[in-house]
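Hi,

Here is the structure I said I would pass on.

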Amino acid sequence: MIELLFVACLSGEPQSCRDRSMIFTDDIGLMGCMMGAQAQLAKWAQSNPGQSISGWKCRMAGVDGRAA
């Protein structure tokens with residue numbers, strides 16, 4: 001499983017951030033995650049108004065070290 005880990009912050013309070021993630025199947029792979037991440041994050045941002053994404057990374061799901 002591949003995880004797209006990202007940090008979402010409130011637009012009005014940029015210091016108020018939370019780690020979030022999306023999980024994909026292994027057939028996407030890390031390169032597929034990297035190539036499709038911006039489109040997925042744009043969809044997420046559109047459905048979560050008032051929040052902005054401050055950073056992201058793709059990795060194998062279940063790996064420790066949550067900060068994006």
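Below are my notes on the core, the contacts and the surface.

First, the ground rules. This is a predicted model, so local features need pLDDT of at least 70 and side-chain atom pairs count only at pLDDT 80 or more, while totals for chains, interfaces and linings use all residues. Residues are numbered from 1 along each chain as its sequence is written, and side-chain values use heavy atoms, with hydrogens and water left out.

**The core**

The largest nonpolar core has 11 residues: Ile2, Leu4, Phe6, Ala8, Met22, Phe24, Cys33, Ala37, Leu41, Trp44 and Cys58. At least two residues of this core come from each of strand 1 (2-10), strand 2 (17-24) and helix 1 (29-47). For the terms: a nonpolar core is a set of buried Ala, Val, Leu, Ile, Met, Phe, Trp, Tyr and Cys residues joined through side-chain atoms within 4.5 Å. Buried is under 20% relative accessible area, exposed is over 50%, and partly exposed is in between (1.4 Å probe, protein chains only). Helices (H or I, at least four residues) and strands (E, at least two) are DSSP runs, numbered from the N terminus.

Ala8 is one of those core residues. Leaving out residues up to four places away in sequence, Ala8 touches Ser16, Cys17, Arg18, Arg20, Trp44, Gln51 and Ser52 (contact means heavy atoms within 4.5 Å).

**One aromatic pair**

Searching the whole structure turns up one aromatic pair. Phe6 and Trp44 sit edge-to-face, at 5.0 Å centre to centre and 70° between the planes. Because Phe6 is in strand 1 and Trp44 in helix 1, the pair ties together parts that are 38 residues apart in sequence. Both Phe6 and Trp44 are buried. The rule I used: rings of Phe, Tyr and Trp (its six-membered ring) pair if their centres lie within 6.5 Å, and planes under 30 degrees apart count as stacked, over 60 as edge-to-face and the rest as tilted.

**One salt bridge**

The salt bridge count also comes to one, taking a side-chain nitrogen of Lys or Arg within 4 Å of a carboxyl oxygen of Asp or Glu. The side chains involved are those of Glu3 and Arg59, at 2.9 Å, N to O. This pair links distant parts of the chain, with Glu3 in strand 1 and Arg59 in strand 3 (residues 51-60), 56 residues apart. Glu3 counts as buried because its relative accessibility is 3%, and Arg59 is buried too, at 8%. Glu3 and Gly62 are 59 residues apart along the chain, yet their C-alpha atoms are separated by 8.1 Å.

**On the surface**

Leu30, Met60 and Val63 form a nonpolar surface patch with about 240 Å² of accessible area together. Patches take residues with over 30% relative accessible area and no salt bridge, joining like charges within 9 Å and nonpolar side chains (Val, Leu, Ile, Met, Phe, Trp, Tyr) within 5 Å. Areas come from the Shrake-Rupley method with a 1.4 Å probe, and for residues only the protein chains shown count as cover. Leu30 is in helix 1 and counts as partly exposed, at 37% relative accessibility.

Met35 is in helix 1 as well, and at 67% relative accessibility it counts as exposed. Gln15, in the loop between strand 1 and strand 2, is exposed with a relative accessible area of 64%. From C-alpha to C-alpha, Gln15 and Ala39 are 25 Å apart in space and 24 residues apart in sequence.

Cheers
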